[in-house]
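Let's take a walk through this structure together, from its helices to its ligand.

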Amino acid sequence: MKKLLLELKDASLAAIAQADSVDALENLRVRYLGKKGELTAILKQMGALSERERPVIGQLANELRERLTGAIEARRAALSVKLLEARLRAEKIDVTIPGKPVDIGKKHPLSTVLDEVEEIFADMGFTIAEGPEIEYADYNFTKLNHGEGHPARDRQDTFYFTDDDKILLRTQTSPVQVRVMETQAPPIRVISPGRVYRKDEVDATHSPMFHQIEGLVIDKGITMGDLKGTLNTLLRKLYGERAVTRFRPHHFPFTEPSCEVDVQCFECGGRGCRVCKGEGWIEILGAGMVHPRVLEGCGIDSTAYSGFAFGVGLERLTMRRFDISDLRLIFENDVRFLNQF
Ligand code: PHE
């Protein structure tokens, strides 16, 4: 029996020393020390031994059990160190590898131009007013002197929410004029940028959603001269001191007199070309002196106060500013396009 134990000792210690994984080690533990293990099997035969042999063999067996337990633990510790080392090697980070560039994005060209416009007006003492994109027909039309049957109210052009045509997606930023005049006493000097919506088919110059920047000035003694000076300042700051402007008579229901403002074509200097479609001029905005009926409707005394308003198309400004030939590019958000600005 002593011989058996010594053989087991040699074999088991060798096996443990060679175990190359924690799983293999556990299998060995079961194989030698488990309930049905080899050492246990030997111990079970101790009853057959003589009184004299039993304590000697018993001690030998106990020593072997301790030896094996210790060897397994030691091997397990060694294996886990090796495992950790292997993992550290595999997950090693090379801090000298150049980093991947982080794409932080850029300002959209519409935002660039809007920021410029806001800054120009801030320098002239304007503040920014906001209004809702979902608007009452009352504010979008009626209070702006578009009577009930006015063609601009047509369902063909306007996104209405309700069958009674009372709520809509605003078709212009001009309702913000009314909201400001109803809540603020003159003097007023605000701009109001925002989205507007019209039932237009998408093409190179039309989109059912676009942006306008509304402007409103109300004070004592405001004249068409103030309107011209303010808008010329805007256009020269945007397009350079030599930009040539033209104020043309026009009609808007809520301004009287009304005008449209053109900038002479930069491409051809006014001779007419592809960019200005042979006109020599590019229309930039609509404007006019706020109609007394609109002032009175907002509770402002039109005999004491006067003012002007204007509405600029932000996409049009942006396309001119960056030489963009197709409006659709502005909304597609293709980064290859946007990264050019
Ligand atoms: N709201 C007008 C439009 O969308 C533009 C405008 C604004 C005209 C203010 C005059 C005064 O066409």
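Contact here means heavy atoms within 4.5 Å, and helices are DSSP runs (H or I) of at least four residues, numbered from the N terminus. The model is predicted, so local features need pLDDT of at least 70 and side-chain atom pairs count only at pLDDT 80 or more, while totals for chains, interfaces and linings use all residues. Residues are numbered from 1 along each chain as its sequence is written, and side-chain values use heavy atoms, leaving out hydrogens and water.

Let's begin with α5 and α8. In this pair, Glu 116, Val 117, Ile 120 and Phe 121 of α5 meet Thr 230, Leu 234, Lys 237 and Leu 238 of α8. Sorted by class, this contact holds five nonpolar, one polar and two charged residues (Ala, Val, Leu, Ile, Met, Phe, Trp, Tyr, Cys and Pro count as nonpolar, Asp, Glu, Lys and Arg as charged, and the others, Gly among them, as polar).

Now turn to α1 and α2. Leu 8, Ala 11, Ser 12, Ala 15 and Ile 16 of α1 meet Leu 25, Leu 28 and Tyr 32 of α2. This contact has seven nonpolar residues, one polar residue and no charged ones.

Finally, visit the ligand. Around the ligand are 14 residues (each with a heavy atom within 4 Å), and the closest are Gln 172, Ser 174, Arg 198, Gln 212 and Gly 311. A polar side-chain atom of Gln 172 sits 2.8 Å from a ligand nitrogen atom. For Ser 174, a side-chain N or O atom is 2.9 Å from a nitrogen atom of the ligand. Gln 212 has a side-chain N or O atom 2.9 Å from an oxygen atom of the ligand.

Technical notes
Helices (H or I, at least four residues) and strands (E, at least two) are DSSP runs, numbered from the N terminus. A polar contact is a pair of N or O atoms within 3.5 Å; within protein, one must be able to donate a hydrogen and the other to accept it, and residues adjacent in sequence count only if both atoms are side-chain atoms.
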